[in-house]
Amino acid sequence: MENSLLTLKNVTHEVVDNTLVISITKGAQFNSFIHVDDIIESTSKVKIICKENSFVKLLVEKYDAKQKIEFVLERNANVKLNFLSLEHNAAGEYTFDLAEASELHVAMADLSDANIDFTSYINLNGDNSYAEWHLASLGAGDNQKVFNINFDHYGKNTYGNMSNYGVVEDAAFTHFKGISYIHNKSVESKTHQSAKIMVFDEKCRAKANPILKIDENDIEASHAAVVGKVNDEHMFYLCSRGIKENDAKQLITLGYLKPITQYFEDKSDVNRIVHGIEKRL
């Protein structure tokens with residue numbers, strides 16, 4: 001993949017008030033993922049406008065600085081955004097504003113040996129807008145990882161779904177937090193959160209704090225959070241079959257985090273995710 005978003009014929013860009021503003025033209029179709037690391041690195045503020053009926057696939061791998069990135073999805077725009085964090089940390093703040101009937105699909109595979117401070121605000125402003133967020137994170141050593149993911153439902157019949165899966169070992173710390181807020185008059189909206197973290201060692205720590213705020217009656221909402229040790233029976237079974245403890249950990253972790261690969265279309269990215277899990281353990 002080339003860092004070529006700014007060179008595509010369906011893309012325009014300019015700097016306005018120290019913000020790089022990128023516009024993807026109405027009806028543009030990106031059928032393969034485009035790397036955008038060169039854009040992220042070029043400035044501390046980026047605004048990406050996906051015009052009406054556009055279909056965009058973007059891949060981000062580097063986000064070292066404290067950045068603010070804003071996405072604007074106009075009516076019926078569809079954005080697939082993949083974060084592949086293998087070596088770099090995932091610092092920064094991302095905001096998504098969704099208009100009527102727009103769709104946002106975000107997946108993050110975080111396997112980095114780094115501290116994480118990632119915040120995202122997903123605003124379902126338009127009626128029938130749709131957003132989903134999926135995360136798999138591995139913390140080891142002394143990693144400190146915090147993910148703050150928020151959904152705000154303003155339009156009618158909006159949909160938000162968040163799933164966060166984590167594995168923590170050694171003396172690492174992982175915290176999943178965020179608020180799903182259905183505002184008044186957002187009738188027939190649905191929001192769901194799930195957070196699950198598996199801990200391997202006594203010194204590691206984990207928190208999962210999904211929060212629902214509901215100001216409307218005609219809605220559907222749910223949340224679930226589980227933080228717990230690896231199943232001793234599973235470990236015993238694997239070790240009793242001659243598998244070394246570290247190899248057993250690797251198998252269990254792969255089974256827990258590998259489902260994130262279903263959101264990555266490129267086979268080389270899937271292989272890199274699997275290799276990244278194996279490398280960290």
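In strand E8, Leu 98 is the bridge partner of Leu 73. The model is predicted, so local features need pLDDT of at least 70 and side-chain atom pairs count only at pLDDT 80 or more, while totals for chains, interfaces and linings use all residues. Residues are numbered from 1 along each chain as its sequence is written, and side-chain values use heavy atoms, with hydrogens and water left out.

**Parallel strand pairing**

- Strands are DSSP runs of E with at least two residues, numbered from the N terminus, and two of them pair if DSSP finds at least two bridges between them.
- Strand E6 (residues 68–73) pairs with strand E4 (residues 45–50) in the parallel sense, over 6 bridges.
- Within that pairing, Phe 71 of E6 stands opposite Ile 48.
- E6 is also joined to strand E8 (residues 92–98) by 6 bridges, and these two strands run parallel.

- Most residues other than glycine have a negative phi.
- Asn 128, a residue other than glycine, has a positive phi near 65°.
- Asn 128 lies in the loop between strand E10 (116–124) and strand E11 (130–139).
- Glu 188 is not a glycine either, and its phi is positive at about 65°.
- The loop that holds Glu 188 runs between strand E14 (173–182) and strand E15 (190–199).

- Relative accessible area is taken with a 1.4 Å probe and protein chains only: buried means under 20%, exposed over 50%, and partly exposed in between.
- Asn 128 counts as partly exposed because its relative accessibility is 39%.
- Glu 188 has 48% relative accessibility and therefore counts as partly exposed.

Methods:
Helix = DSSP H or I, 4+ residues; strand = E, 2+ residues; numbered from the N terminus.
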